[in-house]
Amino acid sequence: MHKKIGRLTLPSEEHFLEQTKEVMEKLGADALRDSDGTKLPDEVKDLDAKIYTTYFVARGDNAFAKAHMDECQHFYLMTEHHTAIGENICIPLMKGYFAEQVKVDDDHDPKRWWEVIDRTTKEVVPVTHWKWDKQKGQVVIEAAEPFHQYTVSFLAYAIWDPTQMYNHITNDWGDKEHEIPFDVRKKEASVHVEKVLEQWLKDNPKTDIVRFTTFFYHFTLVFNDEGKEKFVDWFGYSGSVSVEAMEAFEKEYGYALRPEDIVDEGYYNSTYRIPTKAYLDYIEFQQKFVSRKAKRLVDMVHKAGKEAVMFLGDNWIGTEPYGRYFKDIGLDGVVGSVGDGVTLRIIADIPDVKFREGRFLPYFFPDTFYPGNDPVIEAKRNWTTARRAMVRRPLDRIGYGGYLSLAYQFPEFIDYIARVADEFREIYDKIADETPYSSMKVAVLNCWGELRSWQPYTVAHGKWYHLAYSYMGLMEALSGMDVQVSFINFEDVKRGIDPAIDVIINAGDAYTAFSGGEAFAQEKVVAELRRFVYEGGGFIGVGEPSAFQREGKFFQLSDILGVDKEVGFSQSHNKYHDKQSDSHFVTEEIGGNLDFGRGMPCIYALSEDTKILNYKDHTVNLAVHDYGRGRGAYISGMPYSLENTRMLKRLLHHVSHREDSLKRYYARDCRVEVVGFPERGELLVLNNSGDKVKTEVYGREKTYTADLEPNGIVWLKEE
């Protein structure tokens with residue numbers, strides 16, 4: 001029998017009983033789950049394991065959906081920009097959209113619920129100047145201004161759930177029926193979901209944990225006319241709209257939303273956009289509704305003697321776990337996909353639930369498990385990357401999803417995840433009730449603050465995009481570093497910066513929600529930040545921090561950073577300060593292996609007081625600057641790497657004047673990190689590389705030598 005058992009969930013499926021028992025014993029699994037496209041037969045449910053059953057609230061019931069097509073979910077969509085050549089212009093609504101996923105809704109009065117906008121003037125075209133040609137599927141503008149551009153924002157029915165569509169395409173499900181999502185704001189659907197759940201709970205007595213996947217509204221995921229992803233936003237609320245929602249919003253908030261408040265010039269309020277008041281109100285409005293309705297379902301699960309967990313994905317909109325209404329749902333746990341250290345911390349730090357479970361990669365799907373591929377490579381990378389975050393804040397459980405029959409065909413993979421499961425249980429048993437050593441408190445400043453804790457720069461869950469590449473590494477480095485991380489917004493700054501904060505980080509491209517844009521035109525914001533640093537705090541800017549062209553500066557906190565960006569207005573002003581320091585505390589032990597990603601052109605030092613630590617191609621990539629009793633620092637970009645993580649660690653200690661405490665729970669080799677547990681007198685030493693490493697390790701007061709296998713860990717007892 002397996003020596004270590006528990007805290008592990010595996011998928012299973014029909015006609016796979018004996019193999020399931022074999023893998024369960026080998027890995028020490030104590031729970032089984034189904035996945036999208038699989039079902040657990042009774043003989044699997046009778047095994048000695050807790051049974052998770054996936055439950056779809058607002059999809060997977062096509063009999064109801066087809067009988068109530070007027071209660072489908074909706075999108076607000078916007079057409080492409082069309083240029084008027086003459087006074088009449090015809091704009092086809094569905095051009096570029098996938099007709100199997102969305103369908104124009106003209107059942108609700110287009111003149112009331114659609115919006116035609118002259119994008120050249122930003123003016124709304126009067127409804128008397130356009131008409132809807134249903135037969136041709138186009139809006140005809142009859143009084144257009146020649147050579148102005150126009151768009152139409154329109155309501156569309158969602159007739160295929162985006163996640164089922166993705167899985168359908170990935171797994172080649174052929175003629176499998178398309179699942180139609182329905183909206184629980186609608187009268188019949190609202191009653192139906194509770195009635196169906198009540199019966200389902202009676203019909204599934206062997207289910208221990210109901211895994212809501214998730215509740216009602218999918219994140220924004222719209223496909224193009226070739227069935228490929230057109231746009232995706234992990235946080236997008238544009239698939240949660242309806243006439244009923246718009247009317248209820250106006251009644252509650254006292255003003256009406258426009259379609260433009262949702263489509264947002266075609267950006268759909270991407271998480272990178274600085275949120276408007278209307279959009280923030282709409283987010284809050286939907287969170288309140290979702291929490292109330294979800295609580296009714298969770299209460300039903302509890303009444304049936306079962307636990308309720310939520311998958312942090314798919315239809316998770318309105319359940320944001322760092323929002324003020326999440327706790328009201330009353331969930332027992334949250335399950336989320338772990339793609340790296342950041343996604344692990346998103347899950348592990350969630351408050352107000354009894355347990356947090358991470359679904360590790362790879363998913364057992366044929367896009368990874370096919371002849372000739374080695375899934376161990378992805379599994380090892382995934383575990384090693386996530387592990388450094390987990391030792392800071394451990395998950396309570398881990399698991400996998402997909403088709404176990406596929407993974408079973410790769411015995412070396414099964415052997416590897418058996419080792420992962422054992423290592424996870426070993427770590428959890430030792431540190432679950434311990435608080436690791438923390439050297440300081442760091443706050444990440446952006447427009448979203450606590451609401452989007454650990455989620456800056458995300459476009460699609462666990463994926464990096466070109467313009468996010470130079471910022472995601474910052475979050476990944478912090479996810480496993482020995483610092484307490486909080487997330488604050490500009491209102492928090494105006495109310496007064498928490499004196500417990502040692503360093504503030506502002507990172508992002510100019511005019512995005514993560515840099516802050518016009519927030520830096522507010523006197524209270526810049527004054528409070530200057531006061532914080534002048535009186536001894538640290539400030540680190542990455543990319544285009546505090547960027548807002550105003551009063552002769554682009555970086556509004558350039559006086560703290562010691563650098564600014566040349567945007568073309570001051571090319572006639574010579575910049576003489578380009579001498580790179582030969583050595584500095586920040587760059588010790590690192591060498592020339594720093595990676596600034598796509599970097600940032602035309603960054604220049606303001607004076608000789610700025611210490612330039614990396615200068616290349618006529619731009620400053622790394623610099624530090626004293627400011628009163630505090631310090632500022634600038635980094636042009638920060639993809640994730642072991643060397644960049646070490647640089648950030650040293651930079652944090654420098655700007656907070658904590659150089660003397662750097663070598664406390666620290667390793668000389670940057671491939672290795674050390675987690676200190678002073679109360680138990682132990683060190684956990686992690687090798688984050690695929691190399692065998694021997695290095696000096698610093699404890700609280702003494703130095704040790706650690707020999708580590710590739711990707712290995714070692715526990716050391718402090719003397």
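Me: Where do E589 and R650 lie?

Reply: E589 is in the loop between β26 and β27 and R650 is in helix α18, so the pair ties together parts that are 61 residues apart in sequence. Helices (H or I, at least four residues) and strands (E, at least two) are DSSP runs, numbered from the N terminus.

Me: Is R650 buried or exposed?

Reply: R650 is buried, at 1% relative accessible area. Buried is under 20%, exposed over 50% and partly exposed in between (1.4 Å probe, protein chains only).

Me: And which residues are in the network?

Reply: Shared partners join E588, E589, R646, R650, K663, R668 and E696 into one network of salt bridges. E589 also bridges R646, at 3.5 Å from N to O.

Me: What should I know about the model itself?

Reply: The model is predicted: local features need pLDDT of at least 70, side-chain atom pairs count only at pLDDT 80 or more, and totals for chains, interfaces and linings use all residues. Residues are numbered from 1 along each chain as its sequence is written, and side-chain values use heavy atoms, with hydrogens and water left out.

Me: New topic: how many salt bridges does the structure hold?

Reply: The structure holds 59. One of them links E284 with R324, closest N and O atoms 3.5 Å apart.

Conventions:
A salt bridge is a side-chain nitrogen of Lys or Arg within 4 Å of a carboxyl oxygen of Asp or Glu.
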